Amino acid sequence: GMTAAIFLNNARKGTYVRSMNERPATELSSGGPDASFSGSGAFTHDPVMVNEILADLALKPGATVVDGTLGLAGHSMRFVEAVRPGGTLVGFDWDESMLERARARIGQPEGVQVVLIHDDFRNISASLDKLGLRANGILLDLGLNSAQVDDPERGFSFMKDGPLDMRMDKSKGEPASALLN
């Protein structure tokens, strides 16, 4: 069967739904945000609750796992190890810049097929059908991506000046500045 882990993320506390099998949610402290922007323009990333998520997904070599909110690929880096050899990682992100950063971090790991898709996680089912895959596990880490919020070029920062964009997917819609003029 397929197991899904959903993590609702914020800076202080996360709610971790252990699976979609109607077990009660467990609230755990996330220990803080999982990504931060450094002055050098680099992002650091520590995925939250990765051991709990890996335990519940119980991924095995040869499995297909979906990271529906890829971001900086912190969880996916660990998924690659769990499904090796013969497994598949399918990662979704609606932000092309996050997708490229994830692609650089993951690379081309030996013994694992990696498919990264620029799309919203709402389209997981259709994308897996097109690929002829069935997921053994799915992760949705729901919440704001700190790497996007902290980047002054994105227009979300209260701490640093930058263009007023405010789009998570810069390939769609207009920047917020166009709406104000």
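This is a predicted model: local features need pLDDT of at least 70, side-chain atom pairs count only at pLDDT 80 or more; totals for chains, interfaces and linings use all residues.
Arginine 122 sits out in the open: this residue is exposed, with a relative accessible area of 68%. Its salt-bridge partner is aspartate 120, and the closest N and O atoms of the two are 3.1 Å apart.

The structure holds 3 salt bridges. Another of them ties glutamate 100 to arginine 103, with 3.4 Å between the closest N and O atoms. Both residues belong to helix α3 and lie 3 residues apart, which is about one turn of the helix. Glutamate 100 is partly exposed, at 46% relative accessible area, and arginine 103 is partly exposed too, at 35%. There is also a salt bridge between the side chains of arginine 84 and glutamate 81, at 3.3 Å from N to O. Arginine 84 falls into the partly exposed group, with a relative accessible area of 28%.

The chain has 181 residues, and 45% of them count as buried. Its accessible surface comes to about 9,800 Å², with 52% of that belonging to carbon and sulfur atoms. Looking at contacts between residues at least 6 apart in sequence, 57% join residues that are at least 24 apart.

Next comes strand β7, which covers residues 87-93. Of its 7 residues, 7 are buried, so the strand is largely enclosed by the rest of the structure. In a regular strand, side chains alternate between the two faces of the sheet. In β7, Gly87, Leu89, Gly91 and Asp93 point one way, while Thr88, Val90 and Phe92 point the other way, and all are buried.

With β6 (residues 64-67), β7 pairs in the parallel sense over 4 bridges, and aspartate 67 stands opposite glycine 91 of β7. To get from β6 to β7 the chain passes through α2, making a right-handed β-α-β crossover. With β8, the parallel pairing is made by 7 bridges; here aspartate 93 has histidine 118 in β8 as its bridge partner. The chain goes from β7 to β8 by way of α3, and this β-α-β crossover is right-handed as well.

What about the inside? Nonpolar side chains tend to be buried together in soluble globular proteins. Here the largest nonpolar core has 21 residues, and those with the most contacts inside it are Leu59, Val65, Leu70, Phe79 and Ile106. At least two residues of this core come from each of α1 (50-57), α2 (74-83), α3 (96-106) and β8 (112-118). Helix α1 gives the largest share, 4 residues. A second, separate core has 10 residues, among them Val66, Val90, Val115 and Ile138.

Neighbours within four places in sequence aside, leucine 70 is in contact with Ser76, Gly91, Phe92, Asp93, Leu99, Ala102, Ile106 and Leu116. Three of these names, Gly91, Phe92 and Asp93, have already come up as buried residues of β7.

How values were computed. Residues are numbered from 1 along each chain as its sequence is written. Side-chain values use heavy atoms; hydrogens and water are left out. A nonpolar core is a set of buried Ala, Val, Leu, Ile, Met, Phe, Trp, Tyr and Cys residues joined through side-chain atoms within 4.5 Å. Buried means under 20% relative accessible area, exposed over 50%, partly exposed in between (1.4 Å probe, protein chains only). Contact means heavy atoms within 4.5 Å. Accessible areas come from the Shrake-Rupley method with a 1.4 Å probe; for residues, only the protein chains shown count as cover. Two strands pair if DSSP finds at least two bridges between them. A crossover is right-handed if, with the strands pointing away from the viewer, the path from the first strand over the helix to the second runs clockwise. A salt bridge is a side-chain nitrogen of Lys or Arg within 4 Å of a carboxyl oxygen of Asp or Glu.
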